[in-house]
Amino acid sequence: MANTQLTPGIAAGRIGADEIAQNFDDLHAPFEPHEAAVASDRCYFCYDAPCITACPTDIDIPLFIRQIQTGTPEAAAKTILEQNILGGMCARVCPTETLCEEACVREMAEGKPVEIGRLQRYATDTLMAQGVHPFTRAASTGKTVAVVGAGPAGLACAHRLAMKGHDVVLYDARPKAGGLNEFGIAAYKSTDEFAAREVDWLLQIGGIEMKLGQRLGSDLDLATLRSTHDAVFLGVGLGGVNALRAKGEDKAGVEDAVSFIADLRQAEDLTNLPVGRNVVVIGGGMTAVDAAVQSKLLGAETVTIAYRRGQDRMSASRYEQDLATSKGVRILTNAQPVAIHGNGTATEVEFEYTADSGQGLTGTGETFRLPADQVFKAIGQTLDGMPDGLTLSGSKIAVTAAGRTSLDDVWAGGDCAEGGDDLTVTAVAEGRDAAEDIHRKLSAG
Amino acid sequence: MADLTTDFLGIKSPNPFWLASAPPTDKEYNVRRAFEAGWGGVVWKTLGSEGPPVVNVNGPRYGAIYGADRRLLGLNNIELITDRPLETNLEEIARVKADYPDRAMIVSLMVPCEEEAWKAILPRVEETGADGIELNFGCPHGMSERGMGAAVGQVPEYIEMVTRWCKENYSKPVIVKLTPNITDIRKPAMAAKNGGADAVSLINTINSITSVDLDTMSPEPSIDGKGSHGGYCGPAVKPIALSMVSEISRHVETRGMPISGIGGITTWRDAAEYISLGCGNVQVCTAAMTYGFKVVQEMISGLSDWMDEKGHTNVSDFVGQAVPNVTDWQYLNLNYVTKARIDQDACIKCGRCYAACEDTSHQAISMSSDRVFEVIDAECVACNLCVDVCPVENCITMEEMAPGTVDPRTGKVVEEEYANWTTHPNNPGAVAAE
């Protein structure tokens, strides 16, 4: 007998294939040309526009919107991609509601910003659908750069270096490039293999040699990379996951949210992907929302996000929180896990309510239990196995604004480096800026 | 509720909204629908002489100019006068008029510039029972190449001559429709008056090419790769028409002459503006062609509400009310000093006022690092560009400086007395104030 939402434990195929397909369809359907024309007409072409300031990659948003409005989406795409080579993915995953669209003067005027994210997608999709790569390489400089990590930071860095005429070797530990674009991020934000298609399109610049399955620390070592290349960029992301520090964390059914999301993104058939009847996600960020929503969309009966602080402290945007609740996810705040119960396999999570005194978080002593067949940990990732010789700042690689590390021929960017908001768009900006700095340094001889 | 009934040349209609002579009034079917929708009158699409009717192109007749969201701002056409037999039109006119005696029925005419041609058609129009005729001296395309339409309207002597023939051979009111494709609209208006016209109507359409197809290099609308200038109309032409109407309203030889206002009237407000500049009623075409006949209902309710608000009981109460305020530049008060003011609470910080002023005007708006925009009175010449480009209505306003205060731009005290260019010391032809 087929599984249902009420099937106990962790099971696949809780809902039908059609429903799953519908659930994981594009969160926002792409604009039709007329919709894009209407949306672009709303842009006021502001002077020194606040949306540009709010964009981590400083895309000239009013210009690209005007280019769409005048019927030249390809020119719009070029305006976007000059600043952000992963403009296609960022159009899908950027929390625009806290970036450009929050800054849009029409948000202030009427609470309805210009739909910048969807317009950006319209422009970049139009260009990419034509198979056009609008940039060409400069004459070869004869220099080689190792870029470690083919996620947003590494891809942006590699592309910019290749464009400047350097030869790039792009390493990644996984069997596929893309980093979190490919293995993280909710599936409904990147449908139709977009992450992989974007990587293929980006590589059309030429001069980038991809070496997959190469993990820093086991297959690669920094000293060798430094001796065989003129510069090294590290965009390795955060490989480790923070521990819950709750009793029973080792029980079956307790998993890392990032692993679940990666499995989901790589699944050939989502009806074969198991999910708990009762799912509890611990954390308050985007990863927690992505794991929770997708659990619900796979057919979990109940899904709860539990966050130890107040709702205003959640790093997931309000928009993301609303998305979660609209899909039937319950958001529970001021509750910290103290134990996972179950006989070898998780069946319940025990929480204690918390109070934030301003000095720190304290348990109130009052506890309760939620049924949980599957518990996802989404309480942050950590740097995993960093080579010696790099100075850290807190738990991340210390860098200058231009991405320079404590080693004069090593740069770093993206989630593994200090600063930034752990956003795709921030990683792109850091990779790009590091490439510019590497280029300056290599050009100086 | 205000009384919208109008009496134009003795022709009564339940409201001042007539449909202009154009495609919407070419057939009985359309005109009946218009009357059912509430239009006060129609000017039947232009009739030509007896005989084989004109033919139209069989490709596109219209081209368009759009604003945001394909809002139609301007329309041009290369359609000719009616291409249906004269007899058919006359029968339909008579039938419709009989069924709608309370509505105005005007027949537009365009026949060759020969007295016999007019003598032939006028009695037949008279027989229909229509309330009057309108002489189409305006169509700029096609017929003008055959010596009719704008080809007549551009020669005042012809206007006067033909008008006189019509007055001699037709008993009811004669309205002369003017072309804007001339340099001084007062000349043809005077000619019409001299010929005995009861009224003028304006404007007819403006010579235009709406666009060029950059792939085929053909003007639009394109007929097999070629295009011809057409007649431009719609909201985009309203300012041109208003100015021409005002010229006739205030000219010493034409003031007081009844005017039927035409040109881009889309809402009740447009209509009220035309009436305030001296029109006894208005004619509408593009708005109906864009939105259908139902638009008249908004025009009726809007005009009526506004008249109630202003205390007008009849449309004639405010005909020409704005005319005394139309003057020559030389009489504008140079002692009227204003400065732009930005309402900081209403400002959405788009910076368009700053870009406009800094790049293209007088560098009279400052911008702080946190996007506060403020007017620099010492530089502001009160040009109004910031007001015009601001996307928020009433966010930037022009505030008058009180007499006795000092204009920081000029360092001069604002005078209370009116003073204009004619007495200004910089004017070489200045006359001393009496």
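Predicted model: local features only at pLDDT ≥ 70, side-chain atom pairs only at ≥ 80, totals over all residues.
Let me begin with a definition: by contact I mean heavy atoms within 4.5 Å.

First, the layout. Chain A is divided into three parts: domain 1 covers 4-25 + 241-377, domain 2 covers 33-129, and domain 3 covers 144-239 + 383-444. Between domain 2 and domain 3 of chain A, the C-alpha centres lie 26 Å apart. With contact defined as above, 21 residues of domain 2 of chain A meet 21 residues of domain 3 of chain A.

Next, the buried area. Together, domain 2 and domain 3 of chain A bury about 1800 Å², and 74% of that is on carbon and sulfur atoms. On the side of domain 2 of chain A, I85(A), L86(A) and M89(A) supply 36% of the area buried against domain 3 of chain A, more than any other three residues.

What of the polar interactions? Five residue pairs are in polar contact between domain 2 and domain 3 of chain A, counting pairs with both residues at pLDDT 80 or more.

Finally, the elements on the side of domain 2 of chain A that touches domain 3 of chain A. Three helices of chain A, α5 (73-83), α6 (87-93) and α9 (116-129), each supply at least two residues to that side. Of the elements there, α6(A) gives the most, with six residues. By class, this side of domain 2 of chain A has twelve nonpolar, five polar and four charged residues.

Technical notes. Residues numbered from 1 in each chain as written. Chains lettered and ligands numbered in written order. Heavy atoms only, no water. Domains from an automatic or database assignment. Buried area = accessible area lost by both parts, 1.4 Å probe. Polar contact = N/O pair within 3.5 Å; in protein donor to acceptor, adjacent residues only side chain to side chain. Helix = DSSP H or I, 4+ residues; strand = E, 2+ residues; numbered from the N terminus. Nonpolar A, V, L, I, M, F, W, Y, C, P; charged D, E, K, R; others polar.
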